[in-house]
Amino acid sequence: MAIIEQRLAAMGLELPEPLKVREGLHMPFAWVRVRGTRAYISGHVACNRDGTLARPLGKVGTEVSPEQGYASARLVALAHLASLKRAVGNLDRVTAWLRVFAMVNVAPGFNETPLVTNGYSDLILELYGPNAGAHARSSIGMAIPLNAPVNCEAEVEIDG
């Protein structure tokens, strides 16, 4: 078993199935686009192990607590890892996490988006360590599709 998958198993975490969207919702893009030694990961939301949309849904600061938002961001990281594995075959091929762009569904007045997005960053750093896991990051508040609390996209470097 690959090192990153061993770490996930030791943490009691499993990679989810691809997001299941409602019938009629057409999504004509690649979840991961590999170009040379870069993998560009499209925006993902939190999903359960079976690929269904994870709850709670809503705005952080009203329907969703910051702690629940943190947990949602962590699930988004797992969804990214699952899509990466499907695209490149082995998560150990990731040599560096370069950039994460996080969008948090915020209630008016909620401005602590970095605390929510830490759920994503903390998991990546725990799995990949400070060298490969360190990444640039933005965390902004906005309305999110499907009323998900968090949506992230990322860019990673992979071995040739």
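Trainee: Which residues touch the most other members in the largest nonpolar core?
Mentor: In this predicted model, the largest nonpolar core has 38 residues, and those that touch the most other members are Leu81, Leu84, Leu91, Trp97, Tyr120, Tyr128 and Val156.

Trainee: And which elements give two or more residues to this core?
Mentor: They are the helices α1 (3-10), α2 and α3 (113-133), together with the strands β2 (38-45), β3 (94-105) and β5 (150-158). Of these, α2 gives the most, with 8 residues. As general background, nonpolar side chains in soluble globular proteins tend to be buried together.

Trainee: What should α2 span, going by its residues?
Mentor: With 23 residues at 1.5 Å a residue, α2 should span 33 Å, and because its end C-alpha atoms are 33 Å apart, the two values agree.

Trainee: What follows α2?
Mentor: The residue after the helix is Gly89, and its phi is positive, near 90°.

Trainee: Let's look inside the helix, then. Is Gly69 buried or exposed?
Mentor: Gly69, which has its place in helix α2 (residues 66-88), has a relative accessibility of 0%, so it counts as buried. Not counting residues up to four places away in sequence, Gly69 touches Val60, Val64, Val116 and Val150.

Trainee: How far apart are Gly69 and Gly58 in space?
Mentor: From C-alpha to C-alpha they are 9.6 Å apart, while in sequence 11 residues separate them.

Trainee: What about Ser83, is that one buried or exposed?
Mentor: Ser83 is also placed in helix α2, and its relative accessibility is 6%, which is under the 20% limit, so Ser83 counts as buried.

Trainee: Which side chain does Ser83 join in a polar contact?
Mentor: The side chain of Ser83 is joined to that of His44 by a polar contact of 2.8 Å. If we leave aside neighbours within four places in sequence, the residues in contact with Ser83 are Trp31, Val32 and His44.

Trainee: Switching to rings: how many aromatic pairs does a search of the whole structure find?
Mentor: The search finds 3 aromatic pairs. In the pair of Phe29 and Trp31, the ring centres are 4.9 Å apart and the planes stand at 70°, so this pair is edge-to-face.

Trainee: Which residues do ring pairs link into a cluster?
Mentor: That cluster is made of Trp97, Tyr120 and Tyr128, and these three residues are also among those that touch the most other members of the largest nonpolar core.

Trainee: New topic, where is His135 found?
Mentor: His135 is in the loop between α3 and β4 (136-142), and with a relative accessible area of 19% it is buried.

Trainee: What does the side chain of His135 reach?
Mentor: It makes a polar contact of 2.8 Å with the side chain of Ser121, and it also reaches the backbone oxygen of Gly133 at 2.8 Å. Setting aside neighbours within four places in sequence, His135 is in contact with Trp97, Leu98, Arg99, Val100, Ser121 and Ile124.

Trainee: Last one: which residues does UniProt list for the domain?
Mentor: An unreviewed UniProt entry lists residues 5-147 under "domain: Endoribonuclease L-PSP/chorismate mutase-like". In the model, the end C-alpha atoms of that span lie 30 Å apart, and the span is 35% helix and 22% strand.

Conventions: Residues numbered from 1 in each chain as written. Predicted model: local features only at pLDDT ≥ 70, side-chain atom pairs only at ≥ 80, totals over all residues. Heavy atoms only, no water. Helix = DSSP H or I, 4+ residues; strand = E, 2+ residues; numbered from the N terminus. Buried < 20%, exposed > 50% of the residue type's maximum accessible area, 1.4 Å probe, protein only. Contact = heavy atoms within 4.5 Å. Core = buried A, V, L, I, M, F, W, Y, C linked by side-chain atoms within 4.5 Å. Polar contact = N/O pair within 3.5 Å; in protein donor to acceptor, adjacent residues only side chain to side chain. Phe/Tyr/Trp six-rings, centres within 6.5 Å; stacked < 30°, edge-to-face > 60°. UniProt positions renumbered as here; feature names shortened; annotations may be inferred. Expected span 1.5 Å × (residues − 1).
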